[in-house]
Amino acid sequence: MAKLSVDAYVRGIERGDRALLARAITLVESEQPRHAALGQEVLERLLPRTGRASRVGVSGVPGVGKSTFIDALGMHLIEQGHRVAALTLDPSSTVTGGSILGDKTRMTRLSREADAYIRPSPTGGTLGGVGRKTRETMLLCEAFGFDVVIVETVGVGQSETVVAEMVDFYLVLMLAGAGDELQGIKRGILEVADMLAINKADGDNRVAAKRARSDYAAALKLMHRGQRGWKPPVLMCSALHDEGLDAIWEKVQEHRAQLSGSGALQARRADQAVRWMWRIVEDALSQALRRHPDVRARLGALERDVREGRATASAAARQILDAFGAGA
Ligand SMILES: Nc1nc2c(ncn2[C@@H]2O[C@H](COP(=O)(O)OP(=O)(O)OP(=O)(O)O)[C@@H](O)[C@H]2O)c(=O)[nH]1
Ligand SMILES: [Mg+2]
């Protein structure tokens with residue numbers, strides 16, 4: 001890749017050069033410190049152009065229909081004059097893995113649109129790193145002029161919290177008839193969701209979807225969530241048959257209007273930015289610790305001692321921290 005200056009990247013993105021957007025994202029994602037630093041400079045320069053987009057997270061178990069949903073919703077939004085970026089974050093796959101390629105093909109309509117941009121977010125590295133890159137990619141897309149950024153993530157493990165921490169609106173897609181266990185739905189996801197939508201509410205599945213809808217609505221009510229005045233609604237849709245998507249988007253806008261009016265949107269983003277800062281710090285600290293020669297020299301033996309009951313976890317932890325020079 002020929003070297004470009006920070007200026008060239010910034011100007012390229014300002015004038016809407018998609019190839020340069022893609023290259024800037026690659027820089028930000030890079031594991032190579034020099035490239036990553038250049039990416040940071042580009043991002044810093046573009047920061048004033050960010051912040052204007054609607055940031056929406058779409059989560060749910062594999063196969064619930066996230067990509068189909070984003071494809072269909074994205075088309076609606078483009079018809080309304082929006083410009084849509086869709087980022088996919090899947091901690092269980094790598095960029096070269098099948099599922100990412102699958103995502104491209106599953107958003108077939110959106111991927112042909114000039115006003116849309118689809119980009120898989122690489123995983124690998126630590127979780128904080130994953131979230132960081134996706135978040136920074138989101139900011140680059142905003143600076144480029146996408147006014148809706150949708151982040152797709154499988155709602156398992158910690159990726160859901162990482163994504164919830166970078167969006168304005170967190171939508172969880174659900175299936176009717178599948179047990180909560182199967183859907184990996186823990187209390188946690190219900191706590192961060194701004195809306196639940198029962199997808200595949202079509203054909204024979206419609207009745208079950210209605211039942212699931214009232215069950216989840218009741219479950220949410222019991223939780224007494226009204227976080228900053230917003231009560232997460234439970235809707236139904238069929239991404240495949242393009243039903244219920246307008247109603248969902250209306251709710252997203254209602255949420256935005258309500259939170260902007262009260263200043264809660266600014267507050268949410270401010271909290272997210274601070275938490276993001278800490279994630280980066282904690283991530284860097286943990287990497288530095290694992291790389292530290294004195295720590296590395298003792299790690300294997302200490303882990304074995306803990307595993308086999310010769311040392312307590314706290315005693316071993318203290319030795320690791322001492323070796324790192326951070327013992328208290
Ligand atoms: N009947 C029905 N099928 C759907 C609907 N939405 C998606 N599907 C189908 O469900 C399958 C999975 O859809 P995807 O959109 O790839 O699901 P996903 O959640 O993105 O899956 P991963 O990215 O693998 O986690 C596909 O065969 C879709 O055609 C729907 O509303 N109704
Ligand atoms: Mg998908």
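Q: How many aromatic pairs does a search of the whole structure find?
A: Three of them turn up in the whole structure. Bear in mind that this is a predicted model.

Q: Okay, what about Y117 and F146, what kind of pair do they form?
A: A stacked one. The ring centres of Y117 and F146 are 6.0 Å apart, with 25 degrees between the planes.

Q: And which parts does that pair tie together?
A: Y117 sits in strand β3 (residues 116-121) and F146 is in the loop between α6 and β4, so the pair links parts that lie 29 residues apart in sequence.

Q: Switching to the ligand. Which residues come nearest to ligand 1?
A: K66, T68, R106, D202 and A239, out of 18 residues around ligand 1.

Q: Where do backbone atoms come in?
A: At A239, a backbone N or O atom lies 2.9 Å from an oxygen atom of ligand 1. At L240, a polar backbone atom is 3.1 Å from an oxygen atom of ligand 1.

Q: How much of ligand 1 does the protein bury?
A: 76% of the 650 Å² that ligand 1 exposes when taken alone.

Q: Which elements give two or more residues to the shell around ligand 1?
A: α4 (66-79), α5 (98-106) and β4 (148-154). The largest share comes from α4, with three residues.

Q: New topic, cavities. How many are there of 30 Å³ or more?
A: The count is three. The largest cavity holds about 80 Å³ of space.

Q: What lines the largest cavity?
A: There are 10 lining residues, and G131, R135, V162, W276 and R279 lie nearest the centre of the cavity.

Q: Which elements supply at least two residues of that lining?
A: α6 (127-144) and α11 (264-291) each do. The largest share of the lining is from α6, at four residues.

Q: And the classes in the lining of the largest cavity, how do the residues divide?
A: Four are charged, three are polar and three are nonpolar.

Note on methods:
Residues numbered from 1 in each chain as written. Chains lettered and ligands numbered in written order. Predicted model: local features only at pLDDT ≥ 70, side-chain atom pairs only at ≥ 80, totals over all residues. Heavy atoms only, no water. 1 Å grid on protein atoms, 1.4 Å probe; cavity = no way out; pocket = protein on both sides within 12 Å on 5 of 7 lines; lining within 4 Å. Points joined across faces, edges and corners; volume = space filled by probe spheres on them. Nonpolar A, V, L, I, M, F, W, Y, C, P; charged D, E, K, R; others polar. Near = heavy atom within 4 Å. Polar contact = N/O pair within 3.5 Å; in protein donor to acceptor, adjacent residues only side chain to side chain. Areas by Shrake-Rupley, 256 points an atom, 1.4 Å probe, with all protein chains shown as cover. Phe/Tyr/Trp six-rings, centres within 6.5 Å; stacked < 30°, edge-to-face > 60°.
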